[in-house]
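This briefing sets out the side-chain interactions of a single structure, grouped by topic. Please read it alongside the sequence and coordinates.

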Amino acid sequence: MLFSIIIPVYNVENYLNECIGSILPQLEENANDVEILLINDGSTDRSGLICDYYKKEYPHLFRVLPTVPSTLAFCLGFLTCAGIIAVI
C-alpha cells in the first residue's frame, strides 16, 4: 500500500459526497495502491450512513473506523493506516 487518505468525519453529510467524489476519479488507475480511511468522530447527522455506503460499494478501497472522540481521530488514522504515505 502506497497511500492512505485519512478523512475525519464529523457532521459533514452536506460535503462528504463531494469530498469523496473529487477523490475517486483520481484513483482509477492506482486503486490498488490507495486506501481511504473514514473516521467518524461522533457525527449526529447522516455522515455515518454515507461512510457505510462507500465501504459497501468500494470494500477494497474504503475502511470506516469506529467512532472516537475528535481528539483521537487523527491519531487513530495514523496508527491504523497501511500506506507508506498518509494524506489528510
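**Cysteines**

The sulfur of Cys19 lies 10.0 Å from the closest cysteine sulfur, which belongs to Cys51, and this is too far for a bond. The model under discussion is a predicted one.

- Cys51 takes part in no disulfide, its nearest cysteine sulfur being that of Cys19 at 10.0 Å.
- The structure as a whole holds 0 disulfides; the cut-off for such a pair is a sulfur separation within 2.5 Å.

**Nonpolar cores**

- The largest nonpolar core has 16 residues, of which Ile7, Leu16, Ile20, Ile36, Leu38, Leu61 and Phe62 touch the most other members.
- At least two residues of this core come from each of β1 (3-9), α1 (13-23), β2 (34-40) and α2.
- Another core, of 7 residues, lies apart from it and includes Ile6, Leu37, Leu65 and Cys81.
- In soluble globular proteins, nonpolar side chains tend to be buried together.
- Leaving aside residues up to four places away in sequence, Phe62 touches Ile20, Leu24, Ile36, Leu38, Tyr54 and Lys55.

**Aromatic rings**

- The count of aromatic pairs comes to 4.
- In the pair of Tyr53 and Tyr54, the ring centres are 5.2 Å apart and the planes stand at 80°, so the arrangement is edge-to-face.
- Tyr53 is partly exposed, with a relative accessible area of 45%, while Tyr54 counts as buried at 8% relative accessibility.
- Tyr54 also pairs with Phe62 in a tilted arrangement, with 5.4 Å from centre to centre and 35° between the planes.
- One aromatic cluster is formed by Tyr53, Tyr54, Tyr58 and Phe62.

**Salt bridges**

- The count of salt bridges comes to 2.
- Glu13 forms a salt bridge with Arg46, and the closest N and O atoms are 4.0 Å apart.
- Because Glu13 lies in helix α1 and Arg46 in the loop between β2 and α2, this pair ties together parts that are 33 residues apart in sequence.
- Glu13 is partly exposed at 27% relative accessibility, and Arg46 is partly exposed with a relative accessible area of 48%.
- Arg63 forms a salt bridge with Glu35, where the closest N and O atoms are 3.2 Å apart.
- Arg63 belongs to strand β3 and Glu35 to strand β2, so the pair ties together parts that are 28 residues apart in sequence.
- Arg63 counts as partly exposed at 31% relative accessibility, whereas Glu35 counts as buried at 6%.

**A loop residue**

- His60 is found in the loop that runs between α2 (47-57) and β3 (62-65).
- With a relative accessible area of 54%, His60 is exposed; the class applies because the cut-off for exposed is over 50%.
- The C-alpha atoms of His60 and Ala31 are separated by 8.4 Å, although these residues are 29 residues apart along the chain.

Technical notes
Residues numbered from 1 in each chain as written. Predicted model: local features only at pLDDT ≥ 70, side-chain atom pairs only at ≥ 80, totals over all residues. Heavy atoms only, no water. Helix = DSSP H or I, 4+ residues; strand = E, 2+ residues; numbered from the N terminus. Buried < 20%, exposed > 50% of the residue type's maximum accessible area, 1.4 Å probe, protein only. Core = buried A, V, L, I, M, F, W, Y, C linked by side-chain atoms within 4.5 Å. Contact = heavy atoms within 4.5 Å. Salt bridge = Lys/Arg side-chain N within 4 Å of Asp/Glu carboxyl O. Phe/Tyr/Trp six-rings, centres within 6.5 Å; stacked < 30°, edge-to-face > 60°.
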